[in-house]
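Hi,

Here is the structure I promised to pass on. Have a look at it first, and then read my notes below.

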Amino acid sequence: MPTISKISIQKKRTDRYNIFIDNGKGEEYGFSVDEDVLIKHGLKKGMELDELLLSEISYSDDIRKAYNTAVSYLARMMRTEAEVKKHLADNEIDEVIIQEVIHKLYEFQFLNDEQLAFAYVRTQMNTTDKGPLLVKRELKEKGVADASIELALEEYSFDLQLEKAIALCEKYMRKNKQESQRVAKQKLDQLLFRKGYGSEIIGAATDEIQSTSHDEELESLKYQAEKLSRKYSKYSGYEYEQKMKQALFRKGFSIELITRYLESEQD
């Protein structure tokens, strides 16, 4: 029966030990183990190793190596259970080993999807302009349970959502002052939807931002009309008027305002 003849610390990995064995034909390198595995199985010089013990040692060491891989992965940032499982599977670790590792990670409080959900929601609230629906989708992609997501999202208040949505609208409108209210509203609805805001917030934010005065809307129409006038300068009379009406209407201005403008231009 093989017997441990020597145990030495690895030079580059001081938490791992090389086990040398003597099987009656002289000493040779047998295998290496983590320090925890060495202690767990009480490995020492002169100890006999049968097949069952060797199998148990190998299994324990596989778990320990996978556990260390998981802890290293978690050291960079908080991860969900699903993310850790995927990372270990990508490292070609067997499913049974992964389950053992996940159990140990929960035991030592390295994993907590609910805490992660709260931390993620707070980070997104404080550092981004994402709405709750987008944050929810991202957490689901990370593998967080629906109940944990809903609980964490309770921290994202209606007032804060509205404040962020209005800020997005204001930023857009500063860059697109010459758009009609109708076109601007359509684009703002799409923008806020992509950012993850619900219909109630979208409606409230666009209503707030679109309390644009009649004079501001008329100024936007004038700006667009001046550009279109150059485009349709080869037309005149009724044909010119129809071209202008159709083009301005497609840009979102009301027929009433367009007609008023064109009549004022004829005076």
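To begin with a helix pair: H2 and H4 cross in a right-handed sense. Keep in mind throughout that this is a predicted model. The axes of H2 and H4 come within 9 Å, at a crossing angle of roughly 60°. That angle makes H2 oblique to H4, since anything under 35 degrees would count as roughly parallel and 65 to 115 as roughly perpendicular.

On the H2 side, the contact is made by Tyr59, Asp62, Ile63, Ala66, Tyr67, Ala70, Val71 and Leu74. H4 brings Val96, Ile97, Glu100, Val101, Lys104 and Leu105 to it. Sorted by class, the contact of H2 with H4 has eleven nonpolar residues, three charged ones and no polar ones.

While you are on H2 (residues 51-76), click on Lys65, which sits in that helix. Lys65 has a relative accessible area of 40%, so it is partly exposed.

Now the cores. The largest nonpolar core has 29 residues, and Val121, Leu139, Leu188, Leu192, Tyr197 and Ala205 are those with the most contacts inside it. The elements giving two or more residues to this core are H5 (113-127), H6 (132-141), H7 (146-153), H8 (158-175), H9 (181-194) and H10 (199-209). H8 supplies the largest share, seven residues. There is also a second, separate core of 15 residues, with Ala66, Tyr67, Val84 and Ile97 among them. Ala66 and Tyr67 of H2 and Ile97 of H4 also turn up in the contact between those two helices. As background, nonpolar side chains in soluble globular proteins tend to be buried together.

What does Tyr197 touch, once its neighbours within four places in sequence are left aside? The list runs through Asp129, Lys130, Gly131, Pro132 and Leu133, then Tyr156, Gln161, Lys164, Ala165 and Leu168, and ends with Leu192 and Ile202.

Two helix pairs involving H10 come next. H8 and H10 pack at an angle of about 50°, with their axes 9 Å apart, and are therefore oblique to each other. Their crossing is right-handed. From H8, the residues involved are Phe158, Gln161, Leu162, Ala165, Ile166, Cys169, Glu170 and Met173. They meet Glu200, Ile201, Ala204, Ala205, Thr206, Glu208 and Ile209 in H10. By class, the contact of H8 with H10 splits into ten nonpolar, two polar and three charged residues.

H9 packs against H10 at about 140°, and their axes are 10 Å apart. That makes H9 oblique to H10, because only angles over 145 count as roughly antiparallel. The crossing of H9 with H10 is right-handed. H9 contributes Lys185, Leu188, Asp189, Leu192 and Phe193 to the contact, and H10 contributes Ile202, Ala205, Thr206 and Ile209. Of the residues in the contact of H9 with H10, six are nonpolar, one is polar and two are charged.

One of the H9 residues in that contact is Asp189. Its relative accessibility is 24%, so Asp189 counts as partly exposed. Apart from neighbours within four places in sequence, Asp189 is in contact with Ile202 and Thr206. Asp189 and Cys169 are 20 residues apart in sequence, and their C-alpha atoms are 9.3 Å apart.

Finally, a few loop residues. Not counting residues up to four places away in sequence, Lys142 touches Thr80, Ala82, Glu83 and Tyr120.

Glu92 is not a glycine, yet has a positive phi of about 60°. Glu92 lies in the loop between H3 (81-90) and H4 (95-107), and is exposed, with a relative accessible area of 74%. Gln109, also not a glycine, has a positive phi of about 60° too. Gln109 is in the loop between H4 and H5, and at 71% relative accessibility counts as exposed.

Cheers

How values were computed
Residues are numbered from 1 along each chain as its sequence is written. This is a predicted model: local features need pLDDT of at least 70, side-chain atom pairs count only at pLDDT 80 or more; totals for chains, interfaces and linings use all residues. Side-chain values use heavy atoms; hydrogens and water are left out. A nonpolar core is a set of buried Ala, Val, Leu, Ile, Met, Phe, Trp, Tyr and Cys residues joined through side-chain atoms within 4.5 Å. Buried means under 20% relative accessible area, exposed over 50%, partly exposed in between (1.4 Å probe, protein chains only). Helices (H or I, at least four residues) and strands (E, at least two) are DSSP runs, numbered from the N terminus. Contact means heavy atoms within 4.5 Å. Axes are lines fitted to C-alpha atoms, for helices over the stretch in contact, and angles run from 0 to 180 degrees between N-to-C directions. A crossing is left-handed if the near helix is turned anticlockwise from the far one by less than a right angle, and right-handed if clockwise. Ala, Val, Leu, Ile, Met, Phe, Trp, Tyr, Cys and Pro count as nonpolar, Asp, Glu, Lys and Arg as charged, and the others, Gly among them, as polar.
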